[in-house]
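Q: I would like to go through this structure step by step. Could we begin with how some of its parts pack together?
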Amino acid sequence: MAGGDGRGGGWPGAVSEGLLVYFAGSHYDGSVAGTDRHIADRLATGRDVLYVNPPVAVAARRRRPELAGTLARPPLDAAGPGLTLLTVRVPPARTRPGVYPLGVALTRRAVRRALRGLGRRADAVIAANYDDVLGTAEGARTLFYATDDLVAGAPMMGLPVRTMIRAEARQLRKADAVAVVSPALRDRFAALGRAAELVPNGCDVAAYADVDDAPPPPDVPFTPADGPVAGFVGNINERTDIAFLEAVAAAGPLLLVGPRKPGFAPGRFDELIRRPTVRWVGHKPFAELPSYLRMIDVGLTPYADTPFNQASFPLKTLEYLAAGRAVVSSELPATALLRSEPDGRELIRTARSPEEFARAVAEAAREPRTPGLAGRRRAFAARHDWSQRALALAGLLDNETREVSRA
């Protein structure tokens with residue numbers, strides 16, 4: 001579990017006797033290693049962190065197999081040096097009006113109990129969700145970290161829109177500081193009267209450094225004779241524009257890596273994966289992704305044109321570049337932000353329609369992946385390492401900017 005040494009080794013001059021409580025919007029052991037896990041891992045290099053998983057409903061094991069990793073741990077468990085995980089069990093149907101406040105109250109109580117058990121106090125709180133948790137630790141500096149537009153995404157997630165509007169307003173009112181991952185969220189919060197710091201999503205560059213040396217996966221039948229392979233890595237759900245994938249599959253090999261949300265694109269998705277040019281391998285652990293990225297020549301970010309996606313910052317675009325692969329993305333404000341940087345337009349192609357998307361993929365596939373080009377892609381991704389994102393959040397919490405130690 002998190003130690004009590006007041007570690008500050010990650011940031012020169014940073015000393016924190018207290019502990020940072022991170023209320024996550026996603027499970028640490030979830031099906032995809034997302035923003036919350038990456039940020040918490042980096043924050044834990046400079047201070048002790050208590051990572052609070054989203055509450056888990058009783059009997060969730062039977063209905064949600066993706067929570068197997070979370071439920072295999074004890075309620076309070078060490079995840080690594082300086083990082084402790086807390087999982088709170090709550091009644092079923094936690095999003096219902098009568099149950100939701102109880103779940104939040106149970107979470108706050110569990111955090112306070114965990115702090116007493118660890119013999120620590122919390123001097124900083126990050127809420128990366130919309131739960132009413134910013135007042136959990138009295139006297140702690142608080143940060144609301146908006147990693148998605150949950151008001152726009154409420155219908156997709158089965159959440160009540162009015163409840164999310166009120167929850168968002170509460171977080172903006174209570175937080176000492178606010179950070180957002182996308183320009184769209186920053187602009188929307190500004191219209192609501194609250195300034196927010198733009199802290200885009202980042203990339204675990206080191207995780208993809210040896211992609212070309214990874215062992216070929218046993219469940220991907222493509223060979224060089226099949227031609228360049230386009231690939232999508234991530235959750236397959238309402239955020240995905242299946243028409244873009246269909247257009248790519250009509251032109252050449254397509255590899256899909258990630259879990260499909262039940263009920264997404266009924267009929268169309270089944271027809272897509274029946275094509276001889278398409279291989280869907282389902283969910284794969286984060287540690288195995290390099291093997292699958294080795295098989296990919298062009299990485300795809302085929303997001304549908306929705307308000308929720310327009311406010312997002314897809315991790316996969318930078319991860320493809322970190323692996324030295326070409327990238328084709330649908331047009332998003334976050335992608336435009338990346339393309340505005342040096343080398344951005346040359347390294348990231350975008351398209352508006354399925355036909356344009358397929359043409360951009362074919363164009364990218366024809367570009368030889370020379371060591372020089374792969375190196376430029378990796379260098380671009382390295383400018384967005386998660387350590388820099390954690391540094392920005394730590395600066396907001398400490399109300400000052402610190403330099404991260406690369407040692």
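Predicted model: local features only at pLDDT ≥ 70, side-chain atom pairs only at ≥ 80, totals over all residues.

Q: Why quote both an angle and a distance?
A: Two packed helices are described by the angle between their axes and the distance between the axes.

Q: Next pair, then. How are helix 5 and helix 6 oriented to each other?
A: Helix 5 and helix 6 are roughly antiparallel, because their axes cross at roughly 150° and angles over 145 degrees count as roughly antiparallel. The axes of helix 5 (residues 150-157) and helix 6 (residues 161-174) come within 9 Å.

Q: Which residues of helix 5 and helix 6 meet there?
A: Leu150, Val151, Ala154 and Pro155 of helix 5 make the contact with Val161, Met164, Ile165 and Glu168 of helix 6. The crossing of helix 5 and helix 6 is right-handed.

Q: What about helix 12: how many of its residues are buried?
A: Eight of the eight residues of helix 12 (residues 315-322) are buried, so helix 12 is largely enclosed by the rest of the structure. Among them are Lys316 and Glu319, as well as Leu315, Leu318 and Leu321.

Q: Which residues of helix 16 meet helix 12?
A: Arg377, Arg378, Phe380 and Ala381 in helix 16 meet Leu318, Leu321 and Ala322 in helix 12. The axes of helix 12 and helix 16 (residues 371-382) come within 7 Å and cross at roughly 135°. That angle makes helix 12 oblique to helix 16.

Q: What comes just after helix 12?
A: Just after helix 12 there is Gly324, with a positive phi of about 80°.

Q: Which residues other than glycine have a positive phi?
A: Ala265 is one of them, with phi near 45°, and Asp343 is another, with phi near 75°. As background, most residues other than glycine have a negative phi.

Q: Where are Ala265 and Asp343 found?
A: Ala265 lies in the loop between strand 12 (254-257) and helix 9 (268-274). Asp343 is in the loop between helix 13 (333-339) and helix 14 (344-347).

Q: Is Ala265 buried or exposed?
A: Ala265 is buried, because its relative accessible area is 16% and buried means under 20%. Asp343, at 30% relative accessibility, counts as partly exposed.

Q: Changing topic: where does His27 lie?
A: His27 lies in the loop between strand 1 (19-23) and helix 1 (35-43). His27 is buried, with a relative accessible area of 11%. A polar atom of the His27 side chain lies 3.2 Å from the backbone oxygen of Pro54.

Q: And Pro228, what does it touch?
A: Not counting residues up to four places away in sequence, Pro228 touches Pro253, Asp297 and Ala365. Pro228 belongs to the loop between strand 10 (197-198) and strand 11 (230-233), and its relative accessible area of 42% makes it partly exposed. The C-alpha atoms of Pro228 and Val298 are 7.8 Å apart in space, although these residues are 70 apart in sequence.

Q: Which residues have the most contacts inside the largest nonpolar core?
A: Those are Val21, Tyr22 and Leu254, in a core of 120 residues. Leu254 touches residues including Phe222, Leu245, Val248, Leu272 and Leu300, leaving out residues up to four places away in sequence.

Q: To finish with the whole protein, how many helices and strands are there?
A: There are 17 helices and 16 strands. Of the 407 residues, 54% count as buried. Among contacts with a separation of 6 or more, 71% are between residues 24 or more positions apart.

Key: Residues numbered from 1 in each chain as written. Heavy atoms only, no water. Helix = DSSP H or I, 4+ residues; strand = E, 2+ residues; numbered from the N terminus. Buried < 20%, exposed > 50% of the residue type's maximum accessible area, 1.4 Å probe, protein only. Polar contact = N/O pair within 3.5 Å; in protein donor to acceptor, adjacent residues only side chain to side chain. Core = buried A, V, L, I, M, F, W, Y, C linked by side-chain atoms within 4.5 Å. Contact = heavy atoms within 4.5 Å. Axes fitted to C-alpha atoms, helices over the stretch in contact; angles between N-to-C directions. Parallel < 35°, antiparallel > 145°, perpendicular 65-115°, else oblique. Left-handed = near helix turned anticlockwise from the far one by under 90°.
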